[in-house]
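Please keep the 3D view open as you read.

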Amino acid sequence: MNNLHGILFTYQSNANLRELTEHRTIASIPYGGQYRIIDFMLSNFVNAGITDVGVLMHESYQSLLDHLGSGKDWDLSRKWGGLKILPPFAYAKKRGSGEFRGEMEALGGVYTYLQQIRQEYVILSTCDLVANLPIADFFESHLKSGADITAVCTHTPIAAPESATYFSIGPDGLVSDVLCGGHKSLDCESLDIYILSKSLLLSLIDYCVSHNLTSFSRDVLLGMGHSLSIHPCFYDGYAARIQSKTAYYSKSIELFDPTVRASLFRPDQPIRTKDRWDPSTYYGPDAQVEDALVADGCIIEGTVKNSILFRGVRIKKGASVENCILMQDTSIQEDAVLRCVIADKSVTVHSGRMLMGHESYPLVLAKGQSV
Amino acid sequence: MKKECIAMLLAGGQGSRLYALTSKVAKPAVPFGGKYRIIDFPLSNCVNSGIDTVGVLTQYQPLELSNYIGIGQPWDLDRTVGGVHILPPYVKEGSKGTWYKGTANAIYQNMGFISLYDPDYVLILSGDHIYKMDYSALLARHKQAGAACTISVLEVPMEEASRFGIMNVNEDDIVYEFEEKPKQPKSNLASMGIYIFTWSKLREYLIADEENPASSNDFGGDVIPAMLNAGEIMAAYRFSGYWKDVGTIVSFWDANMDILSVHSGVQLYDKSWPIYCRTPTLPPHVIGQTGTLSHSLVSGGCEVCGKVENSVLFHSVSVGEGAKIRYSILMPGTVVEKDAIVEYAILAENTHIGQGARVGAAPCNVPPEDWGVAVLGSGVCIADHQVVPPKAMLESTEEEGHI
């Protein structure tokens, strides 16, 4: 399926994620033991046969650049096409500093890139969604519908209403109304994944840029909805949206549910991520482990319960970790006790320390901290 | 394009003493230590030592090995000049060309490949040892001694010396005599099968060796003795550290158990000398509520709900509730159903152990003459409640395993 070009918006950082997005965007938050959130959408694209993907970024993108590299780990390191990093340089020249005010403004900054893509259709997506999606089916549904835009949506609300877009469906099966930024969730929520033709996208960008319109949902879907046919394409499988610290924590814990794992980690549609050199994980003679999701390269000599351990985590003898998420290369020394803690990369908790959060308010230790 | 030193890795051997484990793959491609294959060790050593051109000589069952190495990207050996090359035997003009007759003949047949890089030195490696070694130190020793050949040696206990090829050296560690498996060893310096040659010298001796119809075309048996007799300077390089030949079922099992001792075997977690490997895309492993683990290695995609002790679990292994795994090696894709017991066993890829089945036994529970590590070849299925005795060696037929 070479006729679809992927565009990922990776510049969102969310105040509700606090320490986790201090040095990075949502797209590069570590998730599920070895992934970054962008891995899910990027893998969805690749699994659907998409060969060319443009990644739009703005501020705090160093961690993302480091993660993506040449795109080799997603099979996107290509002589022609493949992964293209799109930093905000063109935009910065025109407007100076400041974050993108919306998708249309971000796309306006890469107008010439979009003109040159070799596919007829474009899929736009944000990078805060954890899901294994049948993108190829969405594309087929778009072509069949003959609509101007296909909006992927779900019947099960998953986002915070203030930041979500909802649709009403008319008798013709098309979107009849678009609601953004309300306070109540409705039963047809947009997953912020849209498919449209390259030519339509370019003319929409042209119009928006010249009219100082910035948002795809508010200015295009809502503002121009009367003259566009928007086809809703439903996906009701598992999807999680990471918009806050508590959502990050509770959605991560859902990975202990075998049905959630089965829908996310499908052998026929693997989620790819950056490769490291780690050996297997070693469990010592005194290790006690119950309900744990553990990546490679850990050395576990203490107690771990209901926790997610990323690559290279060390749990020393006598240490006890329960309901925690410990990101890569974090080290928990002898006899330290952690409950409901999210430890970012390379955190060290020294021996005997006791750190307690709560399910409703997990304690977050920022990257590289030493406690 | 000139390279100072290139490596030639002998990976064509069958490894017949690994029986069922190598009936379908070459020995260097046998899974080892949770994530690796044996060949990952010499390949990673090359890259970590700054050698970026490696010829891998294949002959026996090369498909899986060639497929695994690919273009070498897991080892950073996908290079514009150099990198990893698979070198199988080939047909030459006038239907000449033969299978590789011996280790030296394999190199002889690939002199054209070596000449492409016009190297000063050629490193000869084999694909059946587990160790971490800085070949640049070996090369430095070779240059310092001004040798034609430098042989890496390991000090072994004197009582075991008669099992090895022994190098007798003078006070400067220059070899004056080589004895293959001597009954009365004069020294305890065992050859590790790792040689570095000055290429111009080696080339000369390979051509002479090929012209000698009495020669078995082997490095240890022919080329090294010939060089020694001709009075070439042969230096010894003393290696200290972990090194293990994994050529037999027992030594293969032992070496895997050594890996478990994080601080005694080859140090896999040492970031300064990583061992690289090709890994499939898999999620992290999961330990269920009923899973218990002790002194074991677990890899990506595993699901453990049973009891695992002193064992190595490769990727995508599943251990059901109530199952017990002790002192065993479970290769990728192995499934152990509920309540099955696996002890002192090596289960090759995609084996399936039915509910309540029993494979192998602890040495304390069997007469010593009946005990041994049980080995199941890849794809063997053991039916529910079936018993596989210790020391058994099963291989799969089209339908199912048989003894």
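## Ground rules

This is a predicted model, in which local features need pLDDT of at least 70 and side-chain atom pairs count only at pLDDT 80 or more, while totals for chains, interfaces and linings use all residues. Residues are numbered from 1 along each chain as its sequence is written, chains are lettered from A and ligands numbered from 1 in the order in which they are written, and side-chain values use heavy atoms, with hydrogens and water left out.

## Chain A

Let's begin with the fold elements. Chain A holds 10 helices and 26 strands; here helices (H or I, at least four residues) and strands (E, at least two) are DSSP runs, numbered from the N terminus. Chain A has a radius of gyration of 21 Å, close to the 21 Å that the globule rule gives for 371 residues, so it is as compact as a globular protein of that length. That radius is taken over C-alpha atoms, and the rule is 2.2 Å times the number of residues to the power 0.38. Along the principal axes, the C-alpha trace of chain A spans about 65 × 45 × 40 Å.

Of the 371 residues in chain A, 59% count as buried, where buried means under 20% relative accessible area, exposed over 50%, and partly exposed in between (1.4 Å probe, protein chains only). Taking contacts in chain A between residues at least 6 apart in sequence, 58% join residues at least 24 apart; a contact means heavy atoms within 4.5 Å. Chain A exposes about 14,200 Å², with carbon and sulfur atoms supplying 49% of it. Accessible areas come from the Shrake-Rupley method with a 1.4 Å probe, and for residues only the protein chains shown count as cover.

## Chain B

Chain B contains eight helices and 32 strands. Its radius of gyration is 22 Å, which agrees with the value near 22 Å for a compact globule of 403 residues. The C-alpha atoms of chain B fill a box of roughly 65 × 50 × 45 Å along the principal axes.

Buried residues account for 57% of the 403 in chain B. Among contacts in chain B between residues at least 6 apart in sequence, 59% link residues at least 24 apart.

## A helix pair in chain B

In chain B, helix H6 (residues 199-211) packs against helix H7 (residues 219-229) at an angle of about 115°, and their axes are 10 Å apart. Axes are lines fitted to C-alpha atoms, for helices over the stretch in contact, and angles run from 0 to 180 degrees between N-to-C directions.

Which residues make the contact? H6(B) brings Lys201(B), Leu202(B), Tyr205(B), Leu206(B) and Asp209(B), and H7(B) brings Phe219(B), Asp222(B), Val223(B), Ala226(B) and Met227(B).

Asn67(B) sits in helix H2 (residues 62-69) of chain B and counts as exposed, at 58% relative accessibility. Asn67(B) and Lys201(B) are 134 residues apart in sequence and 34 Å apart in space, C-alpha to C-alpha.

Asp173(B) is not a glycine, yet has a positive phi of about 60°. Asp173(B) lies in the loop between strand E9 (165-169) and strand E10 (175-180) of chain B, and is buried, with a relative accessible area of 16%. Asp339(B), also not a glycine, has a positive phi of about 60°. Its loop runs between strand E23 (335-336) and strand E24 (341-343) of chain B, and Asp339(B) counts as partly exposed at 42% relative accessibility.
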